[in-house]
Amino acid sequence: MKITYHGHSCFSVETGGSRLIIDPFLTSNPLANLRASEVKCDYVLLSHGHEDHTGDALDIARANQATIIANYEIAEYFGAKGAKTHGMNPGGAFKFPFGRVKLTLAHHTSSLNAGLDPIYMGVPCGILIESDGKRLYHAGDTALFLDMQLIGKGGLDLALLPIGDNFTMGPEDAVDALDLLKPKLAAPMHYNTWPPIAQDPEAFAAAAAKRGHRVQALRPGDTLAL
Ligand code: NI
Ligand code: MN
């Protein structure tokens with residue numbers, strides 16, 4: 001399993017013979033290291049409806065004939081716009097050709113066009129991927145919650161956690177999340193995209209290390225091989 005960071009909460013994953021992209025937000029992302037038109041993928045996985053997670057999903061899905069995997073409402077929405085989709089909901093898992101995907105709880109909101117004519121986009125989710133004998137957890141946007149200990153059950157090779165604060169948990173709660181999830185490795189996301197979510201990822205890594213957790217902060221373009 002090969003994971004590459006693209007800034008904010010966007011990661012591409014090569015695993016099980018497939019190319020995945022999670023929460024593609026590239027066009028309006030000041031930290032993005034690639035253009036949406038350059039993405040080559042088979043699946044687009046979305047944690048929730050907000051534009052900073054779904055921004056380029058439709059264009060990428062259409063251009064690649066890729067399948068969007070997301071909660072039921074998001075899948076129906078993008079399906080109506082011509083994308084191939086696979087709708088799920090929290091607690092449900094499905095075996096795709098590349099591996100098993102389970103949507104998990106996340107405590108957040110989920111809508112599109114929040115300011116004007118908001119569209120209900122189902123509940124926010126985390127994404128658990130089991131593939132190539134590895135378990136990857138992308139927390140989506142979420143607050144800290146005690147049920148994270150259930151997500152960590154069975155072991156996690158990598159946890160991707162928001163640390164930006166303001167819209168999601170901040171660094172202190174993210175360290176508490178590591179206590180519940182107990183991943184072998186974690187990487188922060190959803191920070192430094194804009195001033196309200198400015199954070200020091202190295203300070204987070206140091207605070208996590210004091211509690212016995214291994215954290216690696218990735219720059220856009222950095223790749224991890226699990
Ligand atoms: Ni959000
Ligand atoms: Mn967000």
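**Notebook: His6 and its surroundings**

I began at His6, where a polar contact of 2.8 Å joins its side chain to that of Asn33. The model is predicted, and I read the entries below with that in mind.

Next I looked up where His6 sits in the chain. I found His6 in the loop between strand 1 (2-5) and strand 2 (11-15).

Is His6 buried or exposed? Its relative accessibility is 4%. Buried means under 20%, so His6 counts as buried.

I then listed what His6 touches, leaving out residues up to four places away in sequence. The list has Phe11, Ser12, Leu26, Asn29, Leu31, Ala32, Asn33, Leu34 and Pro220.

I moved on to the whole protein. I counted 6 helices and 15 strands. The radius of gyration is 16 Å, close to the 17 Å that the globule rule gives for 226 residues, so the protein is as compact as a globular protein of that length. I noted a span of about 50 × 40 × 30 Å for the C-alpha trace along its principal axes.

Of the 226 residues, 53% are buried. I also checked contacts between residues at least 6 apart in sequence: 58% of them join residues at least 24 apart.

For the surface, I noted an accessible area of about 9600 Å², with 50% belonging to carbon and sulfur atoms.

Last, I looked at charge. The protein has 19 positive and 24 negative charges, and their mean positions are 9 Å apart.

Terms used
Residues numbered from 1 in each chain as written. Chains lettered and ligands numbered in written order. Predicted model: local features only at pLDDT ≥ 70, side-chain atom pairs only at ≥ 80, totals over all residues. Heavy atoms only, no water. Helix = DSSP H or I, 4+ residues; strand = E, 2+ residues; numbered from the N terminus. Rg over C-alpha atoms; globule rule 2.2 N^0.38 Å. Buried < 20%, exposed > 50% of the residue type's maximum accessible area, 1.4 Å probe, protein only. Contact = heavy atoms within 4.5 Å. Areas by Shrake-Rupley, 256 points an atom, 1.4 Å probe, with all protein chains shown as cover. Lys, Arg positive; Asp, Glu negative; His and termini not counted. Charge placed at Lys NZ, Arg CZ, Asp CG, Glu CD. Polar contact = N/O pair within 3.5 Å; in protein donor to acceptor, adjacent residues only side chain to side chain.
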